[in-house]
Every structure is written in C-alpha cells, then in structure tokens.
Amino acid sequence: LFQQNILSTFQFFCLPPSLLYSHKQEHPRAFQKTTIKMGMLKMIAKQILLVGIVFYWLPILWWTYNKMDDENNDNFTSKRFLMSTGILMILMGMAYIGLPIDLLPDFIPLIGNLDNMLARMVGGAGFMMCYLGYLFGTGDTPKELEQIVNITRIAYDTLILIWNETLLPILIPYIKAIMVPIKAGTAALLNYAIKRASSVDVTAKVLNTIIQEASSSMTAAT
C-alpha cells in the first residue's frame, strides 16, 4: 500500500498543468490528499538529505581535506585547518537550521528553540574562525580558500557600493521626514516635563513626600 501511494503521488506530480487543474476541479478531496502526501514526501526527502549532509558528508569532506588520517599532521594553527573548520561550522549550522524536523521540537517549552540557537551560534563562530584564521593562521592560504575570500570581498564591496550610492540616497529623505515629528514630539514632552517639574505645587508635593518618608523611616528606626 505504501509503494502504491508513492507511485500514485509521483504519477500525480508528473501530470501536465491542464490535467492537474482538471483533476483538482473534478476530485477536490483526492487532490487535497495527494497534495498532503507530496508535502510529506518532500519534507522527508529534505530531512534525509540535510541530515546526511550535516552528520556524514560535511565531516568526511572536512576530514579528507585536512588529511586527518596522516599521523604527522599536527598543523592545527594553519590557515587551511582554521578556515576549513570555520566553513564546516557555517555549513553545518545553516544545514541544521534548514531541517524540517528539529532534534528538539520547537513546541517544547524553554528548550524547544535551544538547538536552533546553538546552530546559529555555531555558524557565527564559524565566520569568526574563518576571519581570524585568514588573518592570523600560519602558512599560505590555499587557492580554493583564497578564491572564497576574494568572492566574499567582492560581494561585500558591491553591497556597500549599492548601499552608499543607491539605497542610502533614497532612504535619507524618508528618514529625515520621519525624524521631524519625532523631534517635535520629544521637544514637546521635554518642555511639558520641565514646566511640571518647575511648578510650585509639584515641587511642594515632592518635598512633602520626601519629608514624610524620612520621618516614617526615623520613627521605624526608633
């Protein structure tokens, strides 16, 4: 029965759009059930793929790239090792966040989002390790990692250029327009607070309250 369901689902997935629409109009319940099956199969396939990437493929790739099987390999401060480890942490963190089903379900109170937070922290630490490894690691930077650095630098410079020359000039008038009522409202509130604070009645009330609190404290102490 399971194989028949999978086969029918994939046959349904391969239907042309015209037949798919007509099937939806003629059999709405069957269409809804098949759509649910397709969603579940897609979720399961994505879960298996990402779990394999996180816990199998990426660690093996990192182990092979750094020649960890070599007994004489003790250069753990090299740019190659530090930057590749940082990239491993980034990719593993991103892949784990993309999992449809977390190891700790989100509906669990207090700790439901703990695994996602740890994955983001691992990814952030990976960025820092790449950066620090590139600056302070020993040895030469491998060509493939140097290309990644160059691509990242070009992307960063391009984004900064777009922000400074395109987006920022567009946003500045709107920001100034928003700041005008904010400044006026803040100034009005400050003037009102200053007037209320300088009022004789308010000052007298504050002084009386201070005197009463002091006298009650002395009475309680005695």
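Colleague: Which residues do ring pairs link into a cluster?
Modeller: In this predicted model, ring pairs link W62, W63, F76 and F81 into a cluster, where rings of Phe, Tyr and Trp (its six-membered ring) pair if their centres lie within 6.5 Å, with planes under 30 degrees apart counted as stacked, over 60 as edge-to-face and the rest as tilted. Local features need pLDDT of at least 70 and side-chain atom pairs 80 or more, while totals for chains, interfaces and linings use all residues. Residues are numbered from 1 along each chain as its sequence is written, and side-chain values use heavy atoms, leaving out hydrogens and water.

Colleague: Why is the pair of W62 and W63 edge-to-face?
Modeller: Because the ring centres of W62 and W63 are 6.3 Å apart and their planes stand at 65°, the pair is edge-to-face.

Colleague: And F76 with F81, what are the distance and angle there?
Modeller: F76 and F81 are also an aromatic pair of the edge-to-face kind, at 5.1 Å centre to centre and 70° between the planes.

Colleague: Is W62 buried or exposed?
Modeller: W62 counts as buried at 17% relative accessibility, buried meaning under 20% relative accessible area, exposed over 50% and partly exposed in between (1.4 Å probe, protein chains only). W63, at 39%, counts as partly exposed.

Colleague: Switching topic, what is Y96 in contact with?
Modeller: Leaving aside neighbours within four places in sequence, Y96 is in contact with V54, D102, L103, L104, D115, N116 and A119, contact meaning heavy atoms within 4.5 Å.
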